Amino acid sequence: MPVVNHRDRPVILSASGQPSLSMVVNREVGAQQLSVWVANHAPGEVVPPHTHPVEEVLTFLAGEALVTVGAETFPVRADMTVIVPPGVPHGYTNTSNGPLRLVATLADPDAQLGQRWEPSATAVR
């Protein structure tokens, strides 16, 4: 059974533009069905609306956030999970005075950062 030391995995820029994301599990380390990312966001850090072609599960471990999924916005805190359907725009803001820590699980071992979503780009005319 493969064991992955998170400290051996690179930290990359998240959708917020900050170095707050680590892709800890993906095909590169032996996963066949999933990608697992760990995020650590500073107070006030904003992850703007974006989409993924697969389902994403966000499990909040520490802190509080305001999360938007589609047209719905709601507060979350540690010990809560948000399920994001494929293709649905979503994003969040760390509303805590401390770090926001979460695990993002995507149903794709080759998952990439989400595609930035702009509301005006999908407006019906």
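## Before you start

Because the model is predicted, local features need pLDDT of at least 70 and side-chain atom pairs count only at pLDDT 80 or more, while totals for chains, interfaces and linings use all residues. Residues are numbered from 1 along each chain as its sequence is written, and side-chain values use heavy atoms, with hydrogens and water left out.

## The six-stranded sheet

Let's begin with the strands, which are DSSP runs of E with at least two residues, numbered from the N terminus. Six of them form an open sheet in the order β1-β2-β3-β10-β5-β8, with antiparallel pairing; two strands pair if DSSP finds at least two bridges between them. β1 (11-13) and β8 are at the edges with a single partner strand each, so one side of each has no neighbour in the sheet. On average, neighbouring strands here are turned by 25° against each other, direction ignored. (For such angles, axes are lines fitted to C-alpha atoms, for helices over the stretch in contact, and angles run from 0 to 180 degrees between N-to-C directions.)

Now look at single pairings. β1 meets strand β2 (residues 19-25) in the antiparallel sense over three bridges, and Leu-13 has Pro-19 in β2 as its bridge partner. β5 is joined to β8 by five bridges, with Thr-81 in β8 as the bridge partner of Thr-59. β5 is also joined to strand β10 (residues 100-106), by six bridges; there, Ala-62 has Arg-101 as its bridge partner.

## The five-stranded sheet

Another open sheet has five strands in the order β7-β6-β9-β4-β11, again with antiparallel pairing. Its edge strands are β7 and β11 (115-116), and each pairs on one side only. Within this sheet, three bridges hold the antiparallel pairing of β4 and β9, where His-50 stands opposite His-90 in β9.

## An aromatic pair

A pair of aromatic rings is described by the distance of the centres and the angle of the planes. Rings of Phe, Tyr and Trp (its six-membered ring) pair if their centres lie within 6.5 Å; planes under 30 degrees apart count as stacked, over 60 as edge-to-face and the rest as tilted. By this rule there is one aromatic pair. It is formed by Phe-60 and Tyr-92, edge-to-face, at 6.2 Å centre to centre and with 85° between the planes. Phe-60 belongs to strand β5 and Tyr-92 to strand β9 (residues 90-94), so the pair ties together parts that are 32 residues apart in sequence. Both residues, Phe-60 and Tyr-92, are buried (under 20% relative accessible area; exposed is over 50% and partly exposed in between, with a 1.4 Å probe and protein chains only).

## Two loop residues

His-52 sits in the loop between β4 (46-51) and β5 (56-62). With a relative accessible area of 5%, His-52 is buried. Beyond residues up to four places away in sequence, His-52 is in contact (heavy atoms within 4.5 Å) with several residues, including Pro-86, His-90 and Leu-106.

Ala-78 is in the loop between β7 (72-77) and β8 (80-84). Because its relative accessibility is 21%, Ala-78 counts as partly exposed. Leaving out neighbours within four places in sequence, Ala-78 touches Phe-60, Leu-61, Ala-62 and Gly-63. The C-alpha atoms of Ala-78 and Ala-62 are 4.6 Å apart, although these residues are separated by 16 residues along the chain.

Methods
Helices (H or I, at least four residues) and strands (E, at least two) are DSSP runs, numbered from the N terminus.
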